[in-house]
Amino acid sequence: MNFVPVEAVWNEGAITLTHPEFELTFSETFEHIEERRTNDLILGIRPEDVGVVDDPGPNTTDVDVEVVEPLGKEQLFYYELDGKRFTASIEGHKQITVGQTVTLRIPEENAYLFDNRNGETIKHQVLPEDPESTSEVFQ
C-alpha cells in the first residue's frame with residue numbers, strides 16, 4: 001500500500017486532503033467520528049486502486065513515470081510525489097513508458113485514512129460480499 005502524508009480540512013459533509021502535489025476532496029460524511037478528527041492524516045491507497053485516466057478532473061494529479069515493470073497480465077509503474085516513490089498497477093496491455101506523464105485518479109471509495117499521530121484507522125475499505133457492489137465502513 002502507498003502511504004502519503006496529507007493535511008486534512010474537515011468541512012460539513014466533506015473532507016479535503018492536501019499534499020504539496022495534489023488536493024483531494026471526499027464527499028463522505030464523517031460526523032460519527034467527530035471526536036477523532038485531526039488535521040494530520042496518512043492517506044493509504046493500494047497500487048491496484050490508483051486509476052490512470054485520460055483527462056484531469058476531481059481527485060487527480062499528474063505524475064511522471066520513472067520505472068515500468070511488465071508482469072504479463074499487469075504492469076507496475078513507479079512515480080514520485082514530493083520526493084517519495086509510489087507504485088501503481090495497471091493492465092498489462094496498456095501502453096506506458098518511462099518519462100511519460102500520466103494522470104492518476106485516487107478513488108474516494110478505495111482510500112484509507114489513518115491518524116498520523118497514533119496510526120489509528122479513521123476510514124478503510126471493506127471488500128464487498130457481492131462483487132457487483134462496493135461498500136465502505138467508517139470506524
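Over residues 134-139 the pLDDT stays under 50, and for this stretch the model has 22 contacts beyond four places in sequence. Here pLDDT is the predictor's confidence in each residue, on a scale from 0 to 100, and a contact means heavy atoms within 4.5 Å. Where pLDDT is low, the predicted coordinates should not be read in detail. The protein chain as a whole has a mean pLDDT of 85, with 83% of its residues at 70 or more.

A word on the ground rules: this is a predicted model, in which local features need pLDDT of at least 70 and side-chain atom pairs count only at pLDDT 80 or more, while totals for chains, interfaces and linings use all residues. Residues are numbered from 1 along each chain as its sequence is written, and side-chain values use heavy atoms, with hydrogens and water left out.

The protein chain contains zero helices and 13 strands. Both kinds of element are DSSP runs numbered from the N terminus: helices are H or I with at least four residues, and strands are E with at least two. Of the 139 residues in the protein chain, 42% are buried; buried means under 20% relative accessible area, exposed means over 50%, and partly exposed is in between (1.4 Å probe, protein chains only). Among contacts between residues at least 6 apart in sequence, 58% join residues at least 24 apart. The protein chain exposes about 7,800 Å², and carbon and sulfur atoms supply 46% of that area, as worked out by the Shrake-Rupley method with a 1.4 Å probe; for residues, only the protein chains shown count as cover.

β1 runs antiparallel to β2, joined by five bridges, and A8 stands opposite L17 in β2. Strands count as paired if DSSP finds at least two bridges between them. The hairpin of β1 and β2 has two residues between the strands, and G13 takes a positive phi near 80° there. β1 also pairs with β4 in the antiparallel sense, this time over six bridges, with L43 in β4 as the bridge partner of V4.

Turning to the inside, the largest nonpolar core has 28 residues, and those with the most contacts inside it are I15, L17, L41, L43, F77 and Y79. Such a core is a set of buried Ala, Val, Leu, Ile, Met, Phe, Trp, Tyr and Cys residues joined through side-chain atoms within 4.5 Å. At least two residues of this core come from each of β1 (2-11), β2 (14-19), β3 (22-26), β4 (40-45), β8, β9 and β10 (101-105). The largest share, four residues, is supplied by β1. In soluble globular proteins, nonpolar side chains tend to be buried together.

β7 pairs with β8 (residues 74-81) over four bridges, and V68 stands opposite F77 in β8. Leaving aside its neighbours within four places in sequence, V68 is in contact with Q75, L76, F77, I96, T97 and V98. The C-alpha atoms of V68 and I96 are separated by 7.5 Å, although these residues are 28 apart along the chain.

Another open sheet has three strands in the order β5-β10-β6, again antiparallel. β5 and β6 stand at the edges, each with a single partner strand, so one side of each is left without a neighbour in the sheet. Its neighbouring strands are turned by 45° on average, direction ignored. Five bridges join β6 to β10, and V63 has V102 in β10 as its bridge partner.

Two loop residues other than glycine have a positive phi. N59, with a phi of about 60°, is found in the loop between β5 (51-53) and β6 (60-64) and is buried, at a relative accessible area of 12%. D82, with a phi near 50°, lies in the loop between β8 and β9 and is partly exposed, at 46%.

Note on methods. Axes fitted to C-alpha atoms, helices over the stretch in contact; angles between N-to-C directions.
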